[in-house]
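Keep the viewer open and follow along.

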Amino acid sequence: METSAPTMPAERAAGLAPVTRFLRTETGKGWLTISPPLIYAMLLLIGPIIVIVANSFWSQDYLTIDRTFTLENYRAALTEPIYRDLLMRSLFVSVTVAFVTVILAYPVAWFVSFHGGRYKGLWLFIITVPFWSGYLLRILSWKVILGYKGVLNETLLYLGVIAEPLSSLIYNVNAVVITLAHSWAAFAILPLFVSLEKLDRSLLEAAADLGDGPVRRFLRITLPLTMPGIIAALMIVMIPTVGDYVTPKLVGGKDGVMIANAIQVQFGKASNWPLGAALAVSTMVIVSMVAGAIVLLLAGLKRLLK
Amino acid sequence: MSALSASRRILSAYVILYVAILYFPVLLLPVFSFNDSATPKLPLAGFTFKWYESLAGNAAMQGAAWNSLVVGVSAAVLSTVLGICAARAITRHRFRGLGAASSLIMAPLILPEIIIAISLLVVMLGLGLQLSLVTVILGHLLICVPYSVTVLVSGFEGFDPSMEEASRDLGETSFGTLRRVTLPMLAPSIVSSLLVTFTISLDEFILAFFLSGTEPTLPVYIWGQLRFAAKLPNVLALGSILIAASLILLTAAELFRRRAERKMELRP
């Protein structure tokens, strides 16, 4: 235990209990202040996740859970074609969505940071507001847009671009990617904007004075220096989207099912908690590994560019 | 020079297109909710209020609205209280472990919600708890606290800790300092945190879907109605009301946040 701050001699003489003394140090006061939300997160986040990990090593025996250690659930989660395919598809969707979102959002973050002037706050507000409202409704809206008799098909028919409605717009992986990318677009702006704000503008001026063109300036200064923001934006889009449940359910059809749908079935109709737990843990571990690989790759790219 | 302004014009056009696409699906549903047709399709058939009128006599929907209100208010108040503790520790204390503690508190922001939902479900059922609005509130609290912390950290950064010291030096107790100095200074940020977390709870679906048992919140009620194609126009009307409420609440939150920032600028 750390008791770096010096205690008062008078207190020491008074023989205060070590706990009381600790609580009067800077460290003690800090821990005491943060303890209510910290204990809450321990009890309702860490605790339940440990329970899920434990469950993933048990097995379902009709209505009860057999608590003998087994790796059977992981064997099923990682080798049975249905789960393997769902996992790979979920990873593909989340990585694609993350890159699409960041690439499309970067120019917008740039615009707000460089040309936003005194309206930067207002711009960020306008861009992020759709993200906070109507999660279900936005996905439903894409169903209305992309559907067989949807807005997009009707418009294209009206304009004479197509002779009959396209059935390829909805109920596939593309529809899931489009909907998710739209949902998370606003969220990706924030870390990109923060990293662009931190960028020292005089570096760009110096490079321009020394004869670097805009492309070179971007590749050698802006891109490497905003890499932390790019990485953060990729992560905050990729990790939550891998477990999205509603989007595949509403616009994915049978070709767009993702791992969250399989997890939900195990906790619902199929009632096999241990298998559901193993699917959830596998998803988290694999998405973390992919995230780690992307971070390393981009960090390497950054060094290369500099 | 002209090349520069040309690229600037392309960038501006791109940003406008981007924002338009961002808002298009959000604004499309309200348009169809006033459309006099049982299915959402173009061209629009005519203007009507009937989908909104039929909501008025819908007891199940009103029950869900009441549930959402109870959950939202509870989650907002409790997460703001927890958020004040965390934000205070983050801005006023330096100690080893602070980084780890605050990342744990912020973690629900980045975890897939389905993971949080199923782990809470297993624990609640394992403890023999009946699924109810309380279990939804407990879940919402987890995802609301990080937003509270974000709003309140900037609130704490906005005022000088020496004001609290002065209050204590002048003989005020810790509680008196909290009540008469800290909370009034933080008030705009606290209101902003309450509004933001209420909106997040109001909009949240996955946790409520897994943890609500027989008492649905509005998004869970909407989800149930999606099975019936004939109910779609009513869903669109209800959804439009929800989106409008969220927009108003978030705008109010933003105005309070601005006010907190202005307070900071006025500081001598």
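## Ground rules

Helix axes here are lines fitted to C-alpha atoms over the stretch in contact, and angles run from 0 to 180 degrees between N-to-C directions. Helices (H or I, at least four residues) and strands (E, at least two) are DSSP runs numbered from the N terminus.

This is a predicted model, so local features need pLDDT of at least 70 and side-chain atom pairs count only at pLDDT 80 or more, while totals for chains, interfaces and linings use all residues. Residues are numbered from 1 along each chain as its sequence is written, with chains lettered from A and ligands numbered from 1 in the order in which they are written.

## A helix pair in chain A

Take helix H14 (residues 259-267) and helix H15 (residues 273-305) of chain A: their axes come within 7 Å and cross at roughly 155°. That's why H14(A) and H15(A) count as roughly antiparallel (over 145 degrees; under 35 is roughly parallel, 65 to 115 roughly perpendicular, and the rest oblique). The crossing is left-handed, meaning that the near helix is turned anticlockwise from the far one by less than a right angle; clockwise would be right-handed.

Who's touching whom? Counting a contact when C-beta atoms, placed from the backbone, lie within 7 Å, H14(A) brings A:Ile259, A:Ala262, A:Ile263, A:Gln266 and A:Phe267, and H15(A) answers with A:Trp273, A:Leu275, A:Gly276, A:Leu279, A:Ala280 and A:Thr283. By class that's eight nonpolar, three polar and no charged residues (Ala, Val, Leu, Ile, Met, Phe, Trp, Tyr, Cys and Pro are nonpolar, Asp, Glu, Lys and Arg charged, and the others, Gly among them, polar).

## Chain B at a glance

Chain B has eleven helices and zero strands. Its C-alpha trace spans about 70 × 70 × 30 Å along the principal axes. Of its 268 residues, 45% count as buried (20 or more other C-beta atoms within 10 Å of the residue's own; 12 or fewer is exposed, in between partly exposed, with C-beta atoms placed from the backbone). Among contacts in chain B with a separation of 6 or more, 78% link residues 24 or more positions apart.

For a pair inside this chain, look at H3(B) and helix H8 (residues 174-203), packed at about 135° with axes 8 Å apart. That angle makes H3(B) oblique to H8(B), and their crossing is right-handed. The contact includes B:Gly72, B:Ala76 and B:Gly83 of H3(B) along with B:Leu194 and B:Phe198 of H8(B). It divides into eight nonpolar, eight polar and no charged residues.

## Where the chains meet

Between the chains, the contact takes 62 residues from A and 60 from B. H3(A) supplies the largest share of chain A's side, 20 residues. That side of chain A has 44 nonpolar, twelve polar and six charged residues.

Now zoom in on helix H4 (residues 98-106) of chain B, whose buried residues are B:Ala101, B:Ser102 and B:Ile105. They sit on the same side of H4(B), because they cover an arc of only 90° around the axis (taken from the directions from the helix axis to the C-beta atoms). B:Gly99, B:Ala100 and B:Ser103, on the other side, are exposed. The buried residues pack against H3(A), plus H3 and H6 of chain B.

H3(A) and H4(B) come within 9 Å, axis to axis, and cross at roughly 30°, so they're roughly parallel. This crossing is left-handed. Contact residues include A:Ile34 and A:Leu38 of H3(A), and B:Leu104 and B:Ile105 of H4(B).

Note on methods
Two residues are in contact if their C-beta atoms, placed from the backbone, lie within 7 Å.
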